[in-house]
Amino acid sequence: MENRTLGQLTVSAQGLGCMGMSEFYGTGDQAEAERTIRRALDLGVTFLDTADMYGPFTNERLVGRAIAGRRDEVVLATKFGNERGEDGSFRGINGSPDYVRRACDASLQRLGVDDVDLYYQHRVDTTVPVEDTWGALRELVEAGKVRHAGISEAAPETIRRAHAVQPVTAVQTEYSLWSRDPEDDGVLATCAELGIGFVAYSPIGRGFLSGRIRSVDDLPPDDYRRKSPRFQGENLTRNLELVDRVREISDEKGVTATQLALAWVMAQSDRAGNPGIVPIPGTKRVAYLEENAAATDVRLTDDDLRRLDDAAPAGATTGDRYADMSTVHR
């Protein structure tokens with residue numbers, strides 16, 4: 001597994017999103033999830049992504065158990081800002097400095113580590129000046145509890161304001177062949193200008209680009225994607241046309257649609273004007289992890305990239321990314 005640079009942080013060219021191991025994508029098998037994380041490290045997929053709100057709190061504990069004794073192999077990222085109770089309730093977005101400090105200490109304890117490599121503001125709290133939130137992050141960096149700071153789903157001006165207080169190492173936003181917003185909303189350009197890396201979450205379109213989902217009936221009953229606008233009614237029908245176009249190209253190349261989608265995201269790092277880009281596909285099974293990791297060996301020609309741009313151009317997907325878009329791109 002080759003490496004990529006996010007700001008001043010070196011990570012594996014592909015990471016592993018751990019959220020679905022604990023929540024949102026149906027019931028998980030914790031033993032299989034731990035095996036998946038350890039197998040990722042064996043394959044060189046050492047950039048692990050979690051957050052305190054996943055579970056809530058249980059995903060950090062899971063990751064901590066899986067990396068015990070192997071901390072030096074891992075580039076560990078977690079997040080704060082989506083505040084939840086132990087009962088799973090959502091309390092809102094919190095960017096207050098006191099909360100930032102408390103959340104960090106709690107995450108370190110759950111993970112069983114002394115520091116995290118990358119600590120993200122998960123969502124922007126519009127009731128707290130971002131300068132105040134990032135002042136607390138700067139203190140955590142100075143205290144040695146956080147090595148690098150990042151921000152997720154933030155607008156370009158917010159990224160600039162945060163960066164002026166404490167260098168932003170990485171911006172994390174959804175990005176894939178069916179979520180190309182960062183190309184047009186200025187986020188990728190801002191990252192490139194400021195020397196910030198870009199982390200693409202849901203690079204397989206929440207699994208949709210794999211081609212395995214043809215209706216909501218293919219999803220577990222408790223899967224949150226059942227409520228996603230892109231998986232509903234006419235939106236789903238039109239989005240399947242995009243998936244089928246991508247699948248046709250992957251079949252011709254002799255790779256899976258998943259691998260082609262991941263290869264496309266990784267190839268965007270080489271496009272002029274883009275920052276370093278690292279996808280963090282999520283999975284809770286070893287077999288899918290191995291399929292994803294193999295995408296790093298897929299090389300796309302200029303013709304391949306042109307065909308994919310035609311098959312899945314920006315704006316081609318129907319429906320919002322979330323049922324409630326009010327907390328993103330602030």
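Residues are numbered from 1 along each chain as its sequence is written, and side-chain values use heavy atoms, with hydrogens and water left out. Since this is a predicted model, local features need pLDDT of at least 70 and side-chain atom pairs count only at pLDDT 80 or more, while totals for chains, interfaces and linings use all residues.

Helices (H or I, at least four residues) and strands (E, at least two) are DSSP runs, numbered from the N terminus.

Now for the sheet. Eight strands form an open sheet with parallel pairing, in the order β3-β4-β5-β8-β9-β10-β11-β12. Two strands count as paired if DSSP finds at least two bridges between them. β3 (15–17) and β12 each have a single partner strand and stand at the edges, so one side of each is left without a neighbour in the sheet. From one strand to the next, the twist averages 25°. Axes here are lines fitted to C-alpha atoms, for helices over the stretch in contact, and angles run from 0 to 180 degrees between N-to-C directions.

Two helices can be followed as they pack on this sheet. Helix α5 (residues 156–165) touches β9 (149–152) and β10, and its direction makes about 155° with that of β10. Helix α7 (residues 187–194) touches β10, β11 and β12, and makes about 150° with β11 in direction. Touching, or contact, means heavy atoms within 4.5 Å.

With β12 (residues 277–279), β11 pairs in the parallel sense over three bridges. Within that pairing, V199 has V278 as its bridge partner, and A200 has P279. How many residues of β11 are buried? Five of its five residues are, where buried means under 20% relative accessible area, exposed over 50% and partly exposed in between (1.4 Å probe, protein chains only). Both faces of the strand are covered, with G197, V199 and Y201 on one side and F198 and A200 on the other.

Helix α9 (residues 257–267) is another covered element: eleven of its eleven residues are buried. Among them are A257, Q259, W264 and A267. T258 also sits in this helix, and counts as buried at 2% relative accessibility. Leaving aside residues up to four places away in sequence, T258 touches I204, L209, S210, R212, E291 and N292.

Finally, the rings. Rings of Phe, Tyr and Trp (its six-membered ring) pair if their centres lie within 6.5 Å; planes under 30 degrees apart count as stacked, over 60 as edge-to-face and the rest as tilted. By this rule there are seven aromatic pairs. In one of them, the rings of F80 and Y119 have centres 5.0 Å apart and planes at 40°, so the pair is tilted. This pair links distant parts of the chain, with F80 in strand β5 (residues 75–80) and Y119 in strand β8 (residues 118–121), 39 residues apart. F80 is buried at a relative accessible area of 0%, and Y119 is buried at 0% too. Another pair, W178 and F231, is edge-to-face, with 5.8 Å centre to centre and 85° between the planes. W178 lies in the loop between β10 and α6 (181–184) and F231 in the loop between β11 and α8 (233–253), so the pair ties together parts 53 residues apart in sequence. Both W178 and F231 are buried. Y175, F198 and W264 form one aromatic cluster.

Charges meet rings as well. A charge sits over a ring if NZ of Lys or CZ of Arg is within 6 Å of the ring centre and within 35 degrees of the ring normal. The charged end of R84 sits over the ring of F90, 4.1 Å from its centre, and that of R206 sits over the ring of Y322, 4.6 Å from its centre.
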